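Open the model in your viewer and keep the sequence panel beside it. The tour below gives one selection at a time and says what is there.

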Amino acid sequence: MASAAAEVPSYFVCPISLQLMRDPVTLPTGISYDRAAIARWLAAPARRTCPVTRQPLELGLELTPNHTLRRLIQSWAASVSPGSAVDEEVAALRPVSSDEVASLLSDATAAQVGALRRLRELAAECEDSRAMLESQDGVFDVLSRVVTNGSACSTAREEAVGVLASLRIPEQELVGVSTRHGNLAESLTAVLRSSNLQSRAHAVQLVRTLADAVVPAWVIDLNTELLAEVVGVVRDRVSTRATKASLHALAALCPYGRHRVKIVGAGAVAALVELLLDEPERRVCELALAVLDRLCTCAEGRAELVAHAAGVAVVGKKVLRVSEAASERAVRVLRSVARHAATPAVLQEMAQCGVVGKLCLALRSEQCGVKTKEKAHEVLKLHCRVWRASPCLSPSFLALYPS
């Protein structure tokens, strides 16, 4: 029989609280902590480091649930004899029942913050709990009703958005939710304006889910304010995950002409250029260029890009520097500019900041695919009289220039 708390395996103990972990989460450093303990640690402004490794952590960090460790702890907890000194700690690890979930959902209907918060914890803690929550009748409507309930407190609405963002919502459910809750876009806009970075990240994840599903009712009701807040998540660098969700959402909405113009009007081009200037990770860079490519298919997008002091230069800089996909998108953007916004000043800028030289290198590089080389060749031929005569183009690049 287990007789002392000291018998808890050391790797089940949170390095901060020194207690048995109930909801283990892992930081990018690879160290696992109890969610409540690490959340309190990160809440302090001066503590933006991993407590064990002391490595710096980004703002708005998403805590990754450690499902494997949680299952191991639960398995060990089930083997502990009743009446042991660790019994109270073990009780908190018992798997939640379907009746408990139904009861929490009933309380959530009345926008009770405690119930909504517990539902969000269940959705994040393990696959079984999330699946049980997703299987509850009417769960998506209940949560959407809280989100769109103007009389509910902001905390309740944010918690409901957090739960929805954690769930896998079937496409038919998305269609139903967006149809029955007409003010969903307006409600998500309010959450995106929150000072809570995690709530903003959850809201933009939900926007991405709706955008990826291309729900007709959602697309029709999309407002400028919501698009501006999605762009704001990119501009404010809420978190890497939130930035990716925002870029995915914008890319999914760009094919709709009037939304493309709205996105440009919301300041997306400037936000994307500034993001690219910060040298983001490869995937973020690819997504940013993909959105910029789509925005530059309209005159408003091209005008914003060439008006930005670093716009054309930073796009050219990404050619042959990030990945084949990034190079392709960057060349596509440059082609749009060269074909439709090629004023003498723009052509001079492209030569001065090295864009023309990059396009020449792309013609011979193995890092570029056939289509990318064809587009680069098209751009160079389009303005060959101007660029071949430019003093900014070195002899080495002239030797690569297509005849």
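**Stop 1**

Select Arg237 and Asp278: their side chains meet in a salt bridge, 2.7 Å from N to O. A salt bridge here is a side-chain nitrogen of Lys or Arg within 4 Å of a carboxyl oxygen of Asp or Glu. The pair links distant parts of the chain, 41 residues apart: Arg237 is in the loop between α13 (224-236) and α14 (240-253), and Asp278 is in the loop between α16 (268-277) and α17 (282-295). Helices (H or I, at least four residues) and strands (E, at least two) are DSSP runs, numbered from the N terminus.

Are these two residues buried or exposed? Arg237 is partly exposed, with a relative accessible area of 27%, and Asp278 counts as exposed at 51%. Buried means under 20% relative accessible area, exposed means over 50%, and partly exposed lies in between (1.4 Å probe, protein chains only).

Before going on, note that this is a predicted model, in which local features need pLDDT of at least 70 and side-chain atom pairs count only at pLDDT 80 or more, while totals for chains, interfaces and linings use all residues. Residues are numbered from 1 along each chain as its sequence is written, and side-chain values use heavy atoms, with hydrogens and water left out.

**Stop 2: the pocket around that pair**

On a 1 Å grid over the protein atoms alone, a pocket is an open set of points where a 1.4 Å probe fits, with protein on both sides within 12 Å along at least five of seven lines, and lining residues have an atom within 4 Å of a point. The volume of this second largest pocket is about 190 Å³. For volumes, grid points are joined across faces, edges and corners, and the space filled by probe spheres set on the points is taken.

The lining of the second largest pocket divides into four nonpolar, three polar and four charged residues. Ala, Val, Leu, Ile, Met, Phe, Trp, Tyr, Cys and Pro count as nonpolar, Asp, Glu, Lys and Arg as charged, and the others, Gly among them, as polar.

**Stop 3: the largest pocket**

The largest pocket has a volume of about 1,200 Å³. To find it, select Arg35, Glu62, Leu63, Gln198 and His202, the closest to its centre of the 46 residues that line it. Elements that give two or more residues to this lining are α1, β3 (64-65), α5 (113-125), α6 (127-134), α8 (154-166), α11 and α14. Which element gives the largest share of the lining? It is α11, with six residues. By class, the lining of the largest pocket has 19 nonpolar, 14 polar and 13 charged residues.

Now colour domain 1 (10-80) and domain 2 (98-266): both give residues to the lining of the largest pocket, so the pocket lies between them. The domain bounds come from an automatic or database domain assignment.

**Stop 4**

Asp23 is in the segment before β1 (24-26) and Arg35 is in helix α1 (residues 35-43), twelve residues apart, so select both regions to see the pair link distant parts of the chain. Asp23 and Arg35 are both buried.

Next, select Arg208 and Asp212, whose side chains meet in a salt bridge at 3.0 Å, N to O. Both lie in helix α11 (residues 197-213), four residues apart, about one turn of the helix. Arg208 is partly exposed at 23% relative accessibility, and Asp212 is partly exposed at 42%.

Then select Glu279, Lys317, Lys318 and Arg321, which are linked in a network of salt bridges. The structure holds 20 salt bridges.

**Stop 5**

Select Ser187, in helix α10 (residues 184-192). Ser187 is buried, with a relative accessible area of 3%. Not counting residues up to four places away in sequence, Ser187 touches Val147, Thr148 and Arg157; contact means heavy atoms within 4.5 Å.

Last, select Ala77, in helix α2 (residues 67-79), which counts as buried at 2% relative accessibility. Ala77 and Val8 are 69 residues apart in sequence and 9.4 Å apart in space, C-alpha to C-alpha.

**Zoom out**

The protein chain has 25 helices and three strands. Buried residues make up 52% of its 403 residues.
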